[in-house]
Amino acid sequence: MNNKITILFAFLMLAGRTAKAQETVKLYAGKAPGSENWTQKEAQMYSDLFKTEVVYNVTDPGLLVYQVPKGVKNTGTAIVIAPGGGFQSLSINREGKELAEILSKKGITAFVLKYRLNKTETNDPAREMMDKLKDRAAFEKKSLATIQLAAKDGKTALNYVRSNASKYGIDTKKVGIIGFSAGVAMETVLDNRAEELPDFVANIYGGPRPELLNVPAPEKKIPMFVCAASDDQLKLAPRSIQMYTKWLEAGQSVELHMYSKGGHGFGTGKQNLPVDSGETRFEEWLLLEGFLAK
């Protein structure tokens, strides 16, 4: 009996770690343009490889909205959160919902983006992605159409937030985006119209597709926060350095945190390493740039 009570308590604690979104928003009326003929069914599972929940086969892009709780001062800042997963899945909790909950309690309205992904051919999207990445160039080339659709979803999400600013108490000049791994956030900055650019960006152990690595930083002043680990198993740390250097050379405000250990996909997880403080460093940066209140 005691074991059963302990197991039940642990389950309830785990289930309560991530608060549910107050609202789910569809990004497009009807089927999303460009993928009207997709027939795969969205699903969610616990990934033994990633050690967290993942969503895959997304065909109907949307936003999970985390509003500022009652009693918390609304800073007017909004952030679109684009989880990573190599365009094969979305690390929906560790790189999405958990951060959204943390930031909403700090006065920031957070929107977790579920963007379109490659069709999963197996019942384990994370391992399928790792297998495909054995030939990264071929995988990125084959995924180009999906990457561009995902980037479109990111841009549409930013437009939705600004268009509905009054509904959520958002300042239209304080709308940013943070992206993990896959590089959706950087896609919205390096391949976008000037009037639709975010006001700040965070690039977490990721980067854009190779075709955009040499695209110059935009003329609009967009402060950027960069965070990664040198021992990244996917060897994406150099792309983080490239983004930092690009912003620095353009005279843009940029902050870089490159940890020696932490691997890839650390997100809001805990490893008892200095990299665990990455989320705190991000909050400090938001405060410094005027997007978070003291």
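# Close-up views of a predicted model

**View 1. Strand β5 is covered on both faces.** On one side of β5, Ala78, Val80 and Ala82 are buried, and on the other Ile79 and Ile81 are buried too; buried means under 20% relative accessible area with a 1.4 Å probe and protein chains only. The model is predicted, so local features need pLDDT of at least 70 and side-chain atom pairs count only at pLDDT 80 or more, while totals for chains, interfaces and linings use all residues. Residues are numbered from 1 along each chain as its sequence is written, and side-chain values use heavy atoms, leaving out hydrogens and water. Because five of the five residues of β5 (residues 78-82) are buried, the strand is largely enclosed by the rest of the structure. β5 runs parallel to β6 (residues 109-114), joined to that strand by four bridges. Val80 stands opposite Phe111 of β6. Strands are DSSP runs of E with at least two residues, helices are runs of H or I with at least four, and both are numbered from the N terminus; two strands pair if DSSP finds at least two bridges between them.

View 2. Five of the five residues of β4 (residues 62-66) are buried. Gly62, Leu64 and Tyr66 lie on one side, with Leu63 and Val65 on the other. The pairing of β4 with β1 (residues 23-26) is antiparallel and has four bridges, and Lys26 stands opposite Gly62. β4 is also antiparallel to β6, through five bridges; here Leu63 stands opposite Leu113.

**View 3. Phe111 lies in the largest nonpolar core.** This core has 74 residues, and Phe111 and Tyr115 touch the most other members. A nonpolar core is a set of buried Ala, Val, Leu, Ile, Met, Phe, Trp, Tyr and Cys residues joined through side-chain atoms within 4.5 Å. Leaving aside residues up to four places away in sequence, Phe111 touches residues including Leu63, Leu64, Val65, Ala78, Ile79, Val80 and Ile81, where contact means heavy atoms within 4.5 Å. A second, separate core of five residues includes Met129, Leu133, Phe139 and Leu236.

**View 4. The largest cavity is lined by 21 residues.** Its volume is about 230 Å³. On a 1 Å grid over the protein atoms alone, a cavity is a set of points where a 1.4 Å probe fits but cannot get out, a pocket is an open set with protein on both sides within 12 Å along at least five of seven lines, and lining residues have an atom within 4 Å of a point. Gly86, Phe87, Glu140, Ala182 and Arg239 lie nearest the centre of the largest cavity. Helix α4 (residues 136-142) gives the most to this lining, three residues.

**View 5. The second largest cavity has a space of about 110 Å³.** Among the residues lining this cavity are Leu99, Ile178, Phe180, Phe225, Phe266 and Phe282. β7 (175-180), β9 (224-229) and α9 (278-288) each give two or more residues to the lining, and α9 has the largest share, with three.

**View 6. The second largest pocket holds about 380 Å³ of space.** Of its 21 lining residues, Leu49, Phe50, His264, Gly265 and Phe266 lie nearest the centre. Helices α2 (93-104) and α3 (125-132) each supply at least two residues of this lining.

How values were computed
Grid points are joined across faces, edges and corners, and a volume is the space filled by probe spheres set on the points. Buried means under 20% relative accessible area, exposed over 50%, partly exposed in between (1.4 Å probe, protein chains only).
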